[in-house]
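Trainee: I am new to this structure and would like a close look at a single part. Please take me through it step by step.

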Amino acid sequence: MDNIRQGIILKGVGGFYDVLDQEAGLVYTCKVRGVHRKSGGISPLPGDSVTFRVIDEKGLTGFIDVIGERKNEFARPPVANIDQLAIVLAVKSPEPDLSLADKLLITCEAKDISPLILINKIDLDEGGSAECIGRIYKKAGYRVILVSKVLDTGYDELHKELKGCKTAFAGQSGVGKSTILNRILNNWAMETGEVSERIQRGRHTTRHVQLFELDVGGFVLDTPGFSAYSVCDVEHTELASHYPEFRKVIGECRFTSCSHINEPGCRVRELVEKGKADAERYKRYVQYYRELKEAYDNRYRR
Ligand SMILES: Nc1nc2c(ncn2[C@@H]2O[C@H](COP(=O)(O)OP(=O)(O)OP(=O)(O)O)[C@@H](O)[C@H]2O)c(=O)[nH]1
Ligand SMILES: [Mg+2]
Ligand SMILES: [Zn+2]
(Lines give C-alpha, C1' and ligand atoms only; values in the text may rest on other atoms or scores of the structure.)
(Ligands and ions follow the chains in the order given, each with its own letter.)
Protein backbone atom coordinates (compact mmCIF):
# COMPACT_ATOMS: atom_id res chain seq x y z
CA MET A 1 0.00 0.00 0.00
CA ASP A 2 1.40 3.36 -0.91
CA ASN A 3 0.25 5.19 2.19
CA ILE A 4 2.76 3.19 4.25
CA ARG A 5 6.00 5.10 4.76
CA GLN A 6 9.31 4.91 6.57
CA GLY A 7 10.35 7.83 8.72
CA ILE A 8 12.41 9.17 11.57
CA ILE A 9 10.89 10.83 14.62
CA LEU A 10 12.25 14.36 14.98
CA LYS A 11 10.37 15.24 18.13
CA GLY A 12 7.39 14.30 20.24
CA VAL A 13 5.14 16.65 22.18
CA GLY A 14 1.99 15.66 24.03
CA GLY A 15 1.37 12.44 22.14
CA PHE A 16 2.03 13.98 18.71
CA TYR A 17 5.18 13.04 16.84
CA ASP A 18 6.88 14.86 13.99
CA VAL A 19 7.93 12.12 11.59
CA LEU A 20 10.27 12.94 8.72
CA ASP A 21 9.80 11.12 5.44
CA GLN A 22 13.35 11.63 4.19
CA GLU A 23 12.66 10.69 0.58
CA ALA A 24 9.85 13.21 0.25
CA GLY A 25 11.42 15.78 2.56
CA LEU A 26 8.10 16.10 4.36
CA VAL A 27 7.25 16.07 8.04
CA TYR A 28 4.03 14.37 9.14
CA THR A 29 2.35 14.88 12.47
CA CYS A 30 1.57 11.41 13.76
CA LYS A 31 -0.16 9.75 16.64
CA VAL A 32 0.50 6.22 17.84
CA ARG A 33 -2.04 3.48 17.26
CA GLY A 34 -3.66 2.32 20.44
CA VAL A 35 -3.08 -1.25 19.33
CA HIS A 36 0.61 -0.68 19.30
CA ARG A 37 0.63 0.66 22.81
CA LYS A 38 -1.11 -2.45 24.07
CA SER A 39 1.06 -4.93 22.25
CA GLY A 40 4.50 -3.36 22.21
CA GLY A 41 4.42 -1.39 25.41
CA ILE A 42 7.22 0.91 24.33
CA SER A 43 6.52 4.49 23.47
CA PRO A 44 8.20 6.22 20.55
CA LEU A 45 11.25 8.44 21.10
CA PRO A 46 12.89 11.13 18.99
CA GLY A 47 15.49 9.32 16.89
CA ASP A 48 13.30 6.25 16.36
CA SER A 49 12.95 4.79 12.88
CA VAL A 50 9.29 4.07 12.33
CA THR A 51 6.80 2.74 9.82
CA PHE A 52 3.82 5.04 9.60
CA ARG A 53 0.56 5.25 7.73
CA VAL A 54 -0.48 8.48 6.07
CA ILE A 55 -4.04 9.50 6.93
CA ASP A 56 -4.17 12.89 5.28
CA GLU A 57 -1.59 13.63 2.60
CA LYS A 58 -2.50 17.31 2.35
CA GLY A 59 -2.73 17.93 6.05
CA LEU A 60 0.42 15.83 6.62
CA THR A 61 -0.99 13.61 9.33
CA GLY A 62 -0.61 9.93 10.06
CA PHE A 63 -0.31 7.08 12.51
CA ILE A 64 2.85 5.35 13.67
CA ASP A 65 2.48 1.59 13.20
CA VAL A 66 5.86 0.08 14.01
CA ILE A 67 8.89 1.29 15.93
CA GLY A 68 12.13 -0.08 14.51
CA GLU A 69 14.68 -1.84 16.68
CA ARG A 70 16.81 0.55 18.72
CA LYS A 71 20.55 0.74 18.79
CA ASN A 72 20.43 2.54 22.15
CA GLU A 73 18.04 4.65 24.17
CA PHE A 74 18.18 7.22 26.92
CA ALA A 75 15.68 8.37 29.51
CA ARG A 76 17.26 11.76 30.13
CA PRO A 77 17.18 13.26 27.60
CA PRO A 78 14.53 10.99 26.05
CA VAL A 79 16.07 9.95 22.74
CA ALA A 80 16.97 6.80 20.80
CA ASN A 81 19.55 5.72 18.24
CA ILE A 82 22.28 8.23 18.98
CA ASP A 83 25.42 7.26 17.11
CA GLN A 84 27.71 10.14 17.92
CA LEU A 85 28.17 12.33 20.99
CA ALA A 86 29.94 15.67 20.61
CA ILE A 87 31.46 16.30 24.03
CA VAL A 88 32.04 20.02 24.33
CA LEU A 89 34.69 21.50 26.64
CA ALA A 90 35.70 25.13 26.92
CA VAL A 91 39.31 26.19 27.35
CA LYS A 92 38.02 28.45 30.09
CA SER A 93 34.83 30.08 31.43
CA PRO A 94 33.82 27.57 32.52
CA GLU A 95 37.02 25.74 33.48
CA PRO A 96 37.07 22.36 31.71
CA ASP A 97 35.58 19.51 33.72
CA LEU A 98 37.63 16.56 32.49
CA SER A 99 35.94 14.30 34.95
CA LEU A 100 32.61 14.89 33.22
CA ALA A 101 34.31 14.41 29.84
CA ASP A 102 35.68 11.03 30.98
CA LYS A 103 32.26 9.96 32.25
CA LEU A 104 30.60 10.92 29.00
CA LEU A 105 33.28 8.96 27.13
CA ILE A 106 32.56 5.90 29.27
CA THR A 107 28.84 6.26 28.51
CA CYS A 108 29.72 6.35 24.81
CA GLU A 109 31.84 3.21 25.05
CA ALA A 110 29.09 1.42 26.96
CA LYS A 111 26.29 2.43 24.59
CA ASP A 112 28.10 1.99 21.28
CA ILE A 113 28.23 5.70 20.50
CA SER A 114 31.21 7.23 18.81
CA PRO A 115 32.55 10.20 20.76
CA LEU A 116 33.95 13.40 19.36
CA ILE A 117 35.70 15.92 21.59
CA LEU A 118 35.18 19.59 20.83
CA ILE A 119 37.48 22.03 22.61
CA ASN A 120 35.70 25.37 22.30
CA LYS A 121 36.63 29.00 23.00
CA ILE A 122 40.25 28.50 21.94
CA ASP A 123 40.37 32.28 21.40
CA LEU A 124 40.55 32.52 25.20
CA ASP A 125 43.52 30.16 25.41
CA GLU A 126 46.66 31.68 26.84
CA GLY A 127 48.84 28.90 28.21
CA GLY A 128 48.32 26.35 25.44
CA SER A 129 45.74 24.40 27.42
CA ALA A 130 43.62 23.60 24.35
CA GLU A 131 46.57 21.75 22.82
CA CYS A 132 47.30 20.11 26.12
CA ILE A 133 43.75 18.77 26.64
CA GLY A 134 43.63 17.83 22.96
CA ARG A 135 46.80 15.79 23.31
CA ILE A 136 45.42 13.83 26.30
CA TYR A 137 42.34 12.71 24.39
CA LYS A 138 44.04 12.14 21.05
CA LYS A 139 46.56 9.94 22.81
CA ALA A 140 43.72 7.95 24.34
CA GLY A 141 42.44 7.36 20.80
CA TYR A 142 39.71 9.96 20.39
CA ARG A 143 39.00 12.52 17.68
CA VAL A 144 39.47 16.12 18.81
CA ILE A 145 38.43 19.36 17.09
CA LEU A 146 39.46 22.83 18.26
CA VAL A 147 36.64 25.35 17.85
CA SER A 148 36.16 29.07 18.29
CA LYS A 149 33.35 31.42 17.43
CA VAL A 150 35.67 34.42 17.71
CA LEU A 151 38.41 32.98 15.48
CA ASP A 152 35.81 31.28 13.25
CA THR A 153 37.60 27.92 13.36
CA GLY A 154 36.64 24.28 13.58
CA TYR A 155 33.15 24.44 12.04
CA ASP A 156 34.02 23.02 8.62
CA GLU A 157 35.90 20.18 10.21
CA LEU A 158 32.97 19.52 12.55
CA HIS A 159 30.48 19.64 9.68
CA LYS A 160 32.39 16.81 7.98
CA GLU A 161 32.34 14.68 11.10
CA LEU A 162 28.55 15.07 11.42
CA LYS A 163 27.92 13.42 8.07
CA GLY A 164 25.49 10.53 8.24
CA CYS A 165 25.33 10.43 12.05
CA LYS A 166 22.77 11.27 14.67
CA THR A 167 24.89 13.52 16.84
CA ALA A 168 23.95 14.83 20.27
CA PHE A 169 25.84 17.63 21.99
CA ALA A 170 26.86 17.32 25.62
CA GLY A 171 28.86 19.28 28.15
CA GLN A 172 28.74 21.69 31.07
CA SER A 173 26.52 24.72 30.96
CA GLY A 174 28.16 27.64 29.20
CA VAL A 175 30.74 25.74 27.17
CA GLY A 176 29.08 26.84 23.93
CA LYS A 177 26.85 23.96 22.80
CA SER A 178 24.02 26.20 21.56
CA THR A 179 26.47 28.56 19.88
CA ILE A 180 27.98 25.66 17.94
CA LEU A 181 24.59 24.12 17.11
CA ASN A 182 23.22 27.41 15.84
CA ARG A 183 26.27 27.86 13.68
CA ILE A 184 25.83 24.39 12.20
CA LEU A 185 22.09 24.88 11.62
CA ASN A 186 22.49 28.31 10.06
CA ASN A 187 24.90 26.92 7.50
CA TRP A 188 24.00 23.33 6.93
CA ALA A 189 20.43 22.57 8.01
CA MET A 190 17.96 21.01 5.58
CA GLU A 191 14.87 23.14 5.19
CA THR A 192 12.43 20.41 6.13
CA GLY A 193 9.43 20.92 8.32
CA GLU A 194 8.43 24.16 9.87
CA VAL A 195 11.41 26.35 9.21
CA SER A 196 10.24 29.10 11.50
CA GLU A 197 10.38 26.66 14.35
CA ARG A 198 13.94 25.61 13.63
CA ILE A 199 15.66 26.39 16.85
CA GLN A 200 14.82 28.40 19.87
CA ARG A 201 17.70 30.78 19.72
CA GLY A 202 18.74 33.03 22.52
CA ARG A 203 18.23 32.78 26.20
CA HIS A 204 15.43 30.27 26.24
CA THR A 205 16.60 26.86 27.23
CA THR A 206 15.41 24.00 25.08
CA ARG A 207 12.62 22.05 26.66
CA HIS A 208 12.07 19.38 24.03
CA VAL A 209 14.46 17.04 22.37
CA GLN A 210 14.55 17.76 18.66
CA LEU A 211 16.51 16.39 15.74
CA PHE A 212 17.51 18.64 12.84
CA GLU A 213 18.45 17.20 9.46
CA LEU A 214 21.73 18.25 7.84
CA ASP A 215 22.62 18.73 4.18
CA VAL A 216 25.32 16.04 4.37
CA GLY A 217 22.86 13.49 5.71
CA GLY A 218 22.55 12.91 9.41
CA PHE A 219 21.03 14.87 12.23
CA VAL A 220 22.08 17.07 15.08
CA LEU A 221 20.23 16.95 18.29
CA ASP A 222 19.26 19.80 20.46
CA THR A 223 18.72 18.57 24.01
CA PRO A 224 18.09 20.13 27.38
CA GLY A 225 21.32 18.50 28.49
CA PHE A 226 23.33 15.32 28.47
CA SER A 227 25.44 16.86 31.20
CA ALA A 228 23.81 15.09 34.13
CA TYR A 229 25.26 11.81 32.97
CA SER A 230 26.89 9.55 35.45
CA VAL A 231 28.58 6.22 35.03
CA CYS A 232 26.04 4.50 37.25
CA ASP A 233 24.98 1.87 34.74
CA VAL A 234 28.52 0.61 34.20
CA GLU A 235 29.83 -2.28 36.33
CA HIS A 236 33.06 -1.59 38.18
CA THR A 237 34.49 -4.81 36.77
CA GLU A 238 33.82 -3.51 33.25
CA LEU A 239 35.08 0.01 33.77
CA ALA A 240 38.65 -0.43 32.52
CA SER A 241 37.43 -1.96 29.27
CA HIS A 242 35.74 1.37 28.50
CA TYR A 243 39.14 3.10 28.33
CA PRO A 244 40.53 2.52 24.83
CA GLU A 245 44.09 3.15 25.97
CA PHE A 246 43.81 0.43 28.65
CA ARG A 247 41.88 -2.02 26.54
CA LYS A 248 44.85 -3.29 24.57
CA VAL A 249 46.66 -4.64 27.66
CA ILE A 250 43.78 -5.58 29.95
CA GLY A 251 43.98 -9.33 29.39
CA GLU A 252 47.70 -9.32 30.14
CA CYS A 253 47.64 -8.47 33.86
CA ARG A 254 48.89 -11.18 36.25
CA PHE A 255 45.42 -11.59 37.80
CA THR A 256 42.38 -12.05 35.61
CA SER A 257 40.24 -10.10 38.07
CA CYS A 258 42.78 -7.25 38.28
CA SER A 259 41.19 -3.94 39.29
CA HIS A 260 44.28 -2.17 37.90
CA ILE A 261 44.69 -0.30 41.16
CA ASN A 262 47.10 -2.10 43.48
CA GLU A 263 47.63 -5.67 42.28
CA PRO A 264 51.16 -6.75 41.34
CA GLY A 265 51.89 -7.43 37.68
CA CYS A 266 49.30 -4.93 36.44
CA ARG A 267 49.92 -4.00 32.80
CA VAL A 268 47.59 -0.99 32.96
CA ARG A 269 49.60 0.59 35.77
CA GLU A 270 52.74 -0.20 33.84
CA LEU A 271 51.38 1.80 30.88
CA VAL A 272 50.71 4.75 33.16
CA GLU A 273 54.13 4.53 34.86
CA LYS A 274 55.85 4.48 31.46
CA GLY A 275 53.88 7.56 30.41
CA LYS A 276 52.02 5.66 27.68
CA ALA A 277 48.62 6.40 29.22
CA ASP A 278 47.64 9.71 30.78
CA ALA A 279 48.21 9.72 34.55
CA GLU A 280 45.33 12.11 35.28
CA ARG A 281 42.83 10.03 33.35
CA TYR A 282 44.12 6.99 35.25
CA LYS A 283 43.66 8.80 38.60
CA ARG A 284 40.07 9.57 37.67
CA TYR A 285 39.63 5.91 36.66
CA VAL A 286 40.71 4.86 40.18
CA GLN A 287 38.21 7.23 41.69
CA TYR A 288 35.28 6.02 39.53
CA TYR A 289 36.24 2.43 40.19
CA ARG A 290 36.01 3.03 43.92
CA GLU A 291 32.69 4.86 43.59
CA LEU A 292 31.20 2.09 41.46
CA LYS A 293 32.53 -0.66 43.69
CA GLU A 294 31.11 1.02 46.77
CA ALA A 295 27.73 1.35 45.10
CA TYR A 296 27.92 -2.33 44.12
CA ASP A 297 28.88 -3.45 47.63
CA ASN A 298 25.97 -1.46 49.08
CA ARG A 299 23.47 -2.53 46.47
CA TYR A 300 21.14 -4.30 48.89
CA ARG A 301 21.19 -1.51 51.44
CA ARG A 302 19.18 1.63 51.33
N1 LIG B 1 35.07 33.73 23.65
C2 LIG B 1 34.19 32.83 23.20
N3 LIG B 1 32.95 32.78 23.72
C4 LIG B 1 32.10 31.84 23.25
C5 LIG B 1 32.45 30.93 22.23
N6 LIG B 1 31.40 30.12 21.99
C7 LIG B 1 30.42 30.50 22.82
N8 LIG B 1 30.82 31.54 23.59
C9 LIG B 1 30.03 32.23 24.61
O10 LIG B 1 29.83 31.39 25.75
C11 LIG B 1 28.56 31.67 26.34
C12 LIG B 1 27.77 30.38 26.52
O13 LIG B 1 27.47 29.84 25.25
P14 LIG B 1 26.21 28.88 24.99
O15 LIG B 1 26.29 28.49 23.56
O16 LIG B 1 24.97 29.49 25.49
O17 LIG B 1 26.59 27.66 25.95
P18 LIG B 1 25.76 26.29 26.21
O19 LIG B 1 26.77 25.20 26.28
O20 LIG B 1 24.69 26.14 25.23
O21 LIG B 1 25.19 26.53 27.67
P22 LIG B 1 23.84 25.89 28.31
O23 LIG B 1 22.71 26.06 27.35
O24 LIG B 1 23.68 26.64 29.59
O25 LIG B 1 24.17 24.43 28.57
C26 LIG B 1 27.86 32.68 25.44
O27 LIG B 1 28.03 33.96 26.01
C28 LIG B 1 28.63 32.58 24.13
O29 LIG B 1 28.63 33.77 23.39
C30 LIG B 1 33.78 31.03 21.69
O31 LIG B 1 34.20 30.29 20.79
N32 LIG B 1 34.60 31.98 22.22
MG1 LIG C 1 22.55 25.93 25.40
ZN1 LIG D 1 45.69 -4.66 35.91
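Does Lys 11 count as buried or exposed, and why?

Mentor: This is a predicted model, and what follows should be read with that in mind. Lys 11 counts as buried, because it has 23 C-beta neighbours inside 10 Å, and the cut-off for buried is 20 or more. Lys 11 sits in strand S1, which covers residues 4–13. Leaving aside residues up to four places away in sequence, Lys 11 touches Asp 18, Pro 46, His 208, Val 209, Gln 210 and Leu 211. Asp 48 lies 37 residues from Lys 11 in sequence, yet their C-alpha atoms are 9.6 Å apart in space.

The contacts of Lys 11 include Gln 210 and Leu 211, and strand S12 spans 210–213. Six strands form an open sheet in the order S10-S9-S8-S11-S13-S12, and the pairing is mixed. Strand S10 (143–146) and strand S12 are the edge strands, each pairing on one side only. From one strand to the next, the twist averages 25°.

Ile 119 has Leu 146 in S10 as its bridge partner. Two helices pack on this sheet. Helix H2 (residues 98–111) touches strand S8 (84–90), S9 and strand S11 (166–170), and the direction of H2 makes about 175° with that of S8. Helix H3 (residues 129–139) touches S8, S9 and S10, with its direction at about 165° to that of S10.

Buried residues in H2 include the run Leu 100, Ala 101, Asp 102, Lys 103, Leu 104, Leu 105, Ile 106, Thr 107 and Cys 108. Among the elements that cover the buried residues of H2 are S8, S9, S11 and helix H8 (279–297). Just after H2, Asp 112 has a positive phi of about 60°.

The last stop is ligand 1. The ligand is surrounded by 16 residues, and the closest are Ser 173, Gly 176, Lys 177, Ser 178 and Thr 179. Helix H5 (residues 177–188) gives the most to this shell, with three residues. Sorted by class, the shell holds three nonpolar, nine polar and four charged residues.

Conventions. Residues are numbered from 1 along each chain as its sequence is written. Chains are lettered from A and ligands numbered from 1 in the order in which they are written. This is a predicted model: local features need pLDDT of at least 70, side-chain atom pairs count only at pLDDT 80 or more; totals for chains, interfaces and linings use all residues. Two strands pair if DSSP finds at least two bridges between them. Helices (H or I, at least four residues) and strands (E, at least two) are DSSP runs, numbered from the N terminus. Axes are lines fitted to C-alpha atoms, for helices over the stretch in contact, and angles run from 0 to 180 degrees between N-to-C directions. Two residues are in contact if their C-beta atoms, placed from the backbone, lie within 7 Å. A residue is near a molecule or strand if its C-beta atom, placed from the backbone, lies within 6 Å of it. Ala, Val, Leu, Ile, Met, Phe, Trp, Tyr, Cys and Pro count as nonpolar, Asp, Glu, Lys and Arg as charged, and the others, Gly among them, as polar. A residue is buried if 20 or more other C-beta atoms lie within 10 Å of its own, exposed if 12 or fewer, and partly exposed in between; C-beta atoms are placed from the backbone.
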